[in-house]
Amino acid sequence: MLSKNIETALNKQIRIEAESSQVYLSMACWAEIQGLEGVAQFMYAQSDEERMHMLKLVKYVNERGGHATVTDLKAPKTSFGTMKEMFEELYAHELFVSNSINELVHVTFEEKDYATHNFLQWYVAEQIEEEAQAKTILDKINLIGDDKGGLYLFDRDIQQIAIKSTTAITQ
């Protein structure tokens, strides 16, 4: 059984994952209308992945005797200025999510809920990967600078990352 404190913390994280999915969906829409097909495909895959994280948390809460709640979501931004600005926001968002997960893991220690602590280890590892990926992408964008040819190649390269992500999600 989950304590009320753990249930509340997990439900907070469920909301964060749902909002993350919406943020990346909005980024996908923006990239698509900018003609960045690869970036859009990557963001659609990221949106799907965040939704899967949310569902994994929902199922865990319900299976452990809690009640996962679905709440209203804050509307995401719909315009991002430049692709670089969008990826800077993506990186900042991943850092926010990592911090939130760390707080959640801390609550499990305080409550001595080692089952939930163990369950969350996949999430901690996943966030390390998400942060690293966002940072690597941002580093590449900084290398490209204003080079339009580089932007075209970057868009093609990131499309390959999206294909790999989509494959991993469906497996």
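The model is predicted.

Q: What is the radius of gyration of the chain, and what does the globule rule give for 171 residues?
A: The chain has six helices and zero strands, in the pattern α-α-α-α-α-α along the sequence. The globule rule gives 16 Å for 171 residues, and the chain is close to that value, so it is as compact as a globular protein of that length, with a radius of gyration of 17 Å.

Q: How is H1 oriented relative to H3, roughly parallel or roughly antiparallel?
A: The axes of H1 (residues 4-33) and H3 (residues 83-110) come within 10 Å and cross at roughly 170°. Because angles over 145 degrees count as roughly antiparallel, the orientation of H1 to H3 is roughly antiparallel.

Q: How many nonpolar residues does the contact of H1 with H3 have?
A: By class, this contact has six polar and five charged residues. The nonpolar residues in the contact of H1 with H3 number 16.

Q: How far apart are the end C-alpha atoms of H3?
A: H3 has 28 residues, which at 1.5 Å a residue should span 40 Å.

Q: Which residue just after H1 takes a positive phi?
A: H1 has 30 residues and reaches 44 Å from its first C-alpha to its last. Just after H1, a positive phi of about 85° is taken by glycine 35.

Conventions: Residues are numbered from 1 along each chain as its sequence is written. This is a predicted model: local features need pLDDT of at least 70, side-chain atom pairs count only at pLDDT 80 or more; totals for chains, interfaces and linings use all residues. Side-chain values use heavy atoms; hydrogens and water are left out. Axes are lines fitted to C-alpha atoms, for helices over the stretch in contact, and angles run from 0 to 180 degrees between N-to-C directions. Helices (H or I, at least four residues) and strands (E, at least two) are DSSP runs, numbered from the N terminus. Angles under 35 degrees count as roughly parallel, over 145 as roughly antiparallel, 65 to 115 as roughly perpendicular and the rest as oblique. Ala, Val, Leu, Ile, Met, Phe, Trp, Tyr, Cys and Pro count as nonpolar, Asp, Glu, Lys and Arg as charged, and the others, Gly among them, as polar. The expected span of a helix is 1.5 Å times one less than its number of residues. The radius of gyration is taken over C-alpha atoms; the globule rule is 2.2 Å times the number of residues to the power 0.38.
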